Amino acid sequence: MLKVTSIRKGIVIDHITSGKGLKIFQKLNLDKVDTPVVLLMNVMSNKLGRKDIIKIQDHVDVDLTILGLIDPNITINIIENDTIVEKMKIEIPTKVTGMIKCKNPRCITWTDDYVVPEFTLVRNGDIQYRCSYCEELTKYEL
């Protein structure tokens with residue numbers, strides 16, 4: 001059995017739906033940080049069956065908004081002196097700025113480089129976001 005030790009100080013991104021860990025690793029640009037990072041995939045879980053885990057030694061700024069877009073089941077554990085000092089549950093963000101591209105090719109966000117796309121969550125069956133500029137509904141795609 002594979003054994004990965006705990007970290008003394010850092011961030012653990014836990015309860016990632018199996019198979020989404022690599023996508024999160026890429027979106028957070030964890031290959032570019034100067035600290036050790038471990039990506040565990042298909043780890044046994046009582047809650048999920050299988051899950052992915054990312055362990056980041058030391059503290060790195062993590063964009064929690066992008067995590068909620070990819071997988072709202074994620075929990076973030078902040079570790080200090082081998083102890084969890086804070087546990088956060090990620091939620092689906094209600095406002096998203098600059099992370100989604102509007103699917104309407106006539107939207108100003110496609111033609112004006114200075115306009116940052118902004119979206120507001122709309123729940124009508126699927127999780128979709130309404131563009132603040134053209135009101136087109138867009139779904140976040142990995």
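## Valine 115

Setting aside neighbours within four places in sequence, valine 115 makes contact (heavy atoms within 4.5 Å) with Ile108, Thr109 and Tyr133. Valine 115 sits in the loop between α3 (108-111) and β7 (118-124); helices (H or I, at least four residues) and strands (E, at least two) are DSSP runs, numbered from the N terminus. With a relative accessible area of 16%, valine 115 is buried, where buried means under 20% relative accessible area with a 1.4 Å probe and protein chains only.

## About the model

This is a predicted model, in which local features need pLDDT of at least 70, side-chain atom pairs count only at pLDDT 80 or more, and totals for chains, interfaces and linings use all residues. Residues are numbered from 1 along each chain as its sequence is written, and side-chain values use heavy atoms, with hydrogens and water left out.

Let's turn to the strands. Valine 12 belongs to strand β1 (residues 10-17) and counts as buried because its relative accessibility is 10%. Beyond four places in sequence, its contacts include Ile53, Ile54 and Lys55, along with Ile76.

Lysine 51 is found in strand β3 (residues 49-57). Its relative accessibility is 11%, so lysine 51 counts as buried. Among the residues it touches, not counting those up to four places away in sequence, are Asp14, His15 and Ile16, as well as Leu40 and Met41.

## A lysine over a ring

Lysine 101 lies over the face of tryptophan 110, 4.2 Å from the ring centre. For this, NZ of Lys or CZ of Arg must be within 6 Å of the ring centre and within 35 degrees of the ring normal.

Conventions. Buried means under 20% relative accessible area, exposed over 50%, partly exposed in between (1.4 Å probe, protein chains only).
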